[in-house]
Amino acid sequence: MIQYKGKKPSRRSFLTGAAAAGAAVAGATIARAQGTPDPAIVNMEPWAQYNGVGVDAAPYGVPSKYEADVIRRNVPWLTADAVSSVNFTPLHALDGIITPNGLCFERHHAGVAEVDPAEHRLMINGLVDRELVFTMADLLRFPRENHVYFLECAANSGMEWAGAQLNGCQFTHGMIHNVMYTGIPLRLLLAEAGIKTAGTWIMVEGADGAGMNRSIPMEKALDDCLIAFKQNGEALRPEQGYPLRLVVPGWEGNMWVKWIRRIEVGDQPWYAREETSKYTDLLANGQARSFTWVMDAKSVITNPSPQAPITHGPGPTVITGVAWSGHGTIPQVDVTIDGGITWAKARMSGPSLDKSMHRFYYEFDWDGKPLLLQSRAHDSTGYVQPTKDQLREVRGENSIYHNNGIQTWSVNEQGAAENVEIS
Ligand code: MTE
Ligand code: CO
């Protein structure tokens, strides 16, 4: 039984459409027949009539002017000012699995710190044999590794807990980016300092105005954390923590301290001493869940979506999206075009890397009837992405953080998509 919450597309018209969905459109071809010559192929376009600018016109390249809409965007009413705020990755305009550096969403508590790398230091103190201070040059003498990881803010989709709200996957799911980091395994730096046996936690602190700090259990610090200095091959962007950021694979974004300047080894989490904050999940009974570090499996269809409608009419149509899990890889994503009455396995394409985004596609012949699109991720532990109602049963509706529920887009006959909820 399909019931709509929030914005309601017509259920009756959808159900009659659903029966026909999936039926092939006879004789559909993608390219147009050349009956009337297309002026764009017959005419000599201006750019073919003269030489373009030479090399060095843009010593650091920028995208084509025709891609000017592909930018990070914020939602001005969400926060009081831009300094302690967030903007969102334009997921609907991207493909593959890598987020270009200039499009990685930003989340700052006190704006972007403008750090001079020559003056930047990383200190390790606390329960260690030797308190150490590293310059950037010192750090470059340690062995480094390359890994592609997603970073998702715990508040991603946080505005959707009470029902469908923001109209675009950029805004519902865009507090995520996925880049290749080059960095030094944190365990190597901790080993250099020598952790005392009582050292079971680290406190990591940023050099920004917020001096943002977080507590991380030693087990994770020694496992796969990195002190990164490159993203997608080039220096970290100032927005992402230039010149150094902590990478905490699979764990909520707020722990990935940017502009990292200090690591203190201790024997308890710092918030036990009320010196640092943490994110908690308020449950329906008023109790709060303290630790939700790992980001559970999640997925979203990026095309079509409210900012990326179907503009070509019925016929061959590509659905695509991304999926990720802080617990491993994504071997399978299911897609439904009829609100969950029938599901099909999507086609995964591109590298399947641990704690990284994965790309999926589902190609079908659209009959032009309304669609209810959803994707459902399965991760390598066997966990299956829940519906929003399944999540609410466990978590209530007080939460802001850790909403990994299944997203629904309703697509009308014109191809326009809207954020809706069904149950
Ligand atoms: N580190 C510092 N020093 N200051 C911050 O404000 N924000 C955190 C984390 N690290 C923050 C920080 C939060 S809440 C998130 S979600 C991620 O950085 C965002 O990383 P990004 O700006 O690269 O997207
Ligand atoms: Co965050």
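Trainee: Is Tyr 362 buried or exposed?

Mentor: Buried means under 20% relative accessible area, exposed over 50%, and partly exposed in between, with a 1.4 Å probe and protein chains only. Tyr 362 has a relative accessible area of 19%, so Tyr 362 is buried. This is a predicted model, in which local features need pLDDT of at least 70, side-chain atom pairs count only at pLDDT 80 or more, and totals for chains, interfaces and linings use all residues. Residues are numbered from 1 along each chain as its sequence is written, chains are lettered from A and ligands numbered from 1 in the order in which they are written, and side-chain values use heavy atoms, with hydrogens and water left out.

Trainee: How many aromatic pairs are there?

Mentor: A pair of aromatic rings is described by the distance of the centres and the angle of the planes. Rings of Phe, Tyr and Trp (its six-membered ring) pair if their centres lie within 6.5 Å; planes under 30 degrees apart count as stacked, over 60 as edge-to-face and the rest as tilted. The count here is 7 aromatic pairs. In one of them, the rings of Phe 150 and Trp 324 have centres 6.4 Å apart and planes at 50°, so this pair is tilted. Phe 150 is buried at 0% relative accessibility, and Trp 324 is buried at 0% as well.

Trainee: What is the geometry of the rings of Tyr 362 and Phe 364?

Mentor: Their centres are 5.9 Å apart and their planes at 20°, so the pair is stacked. Phe 364 is buried, with a relative accessible area of 9%.

Trainee: Which residues form one aromatic cluster?

Mentor: Trp 201, Trp 251 and Trp 293 do.
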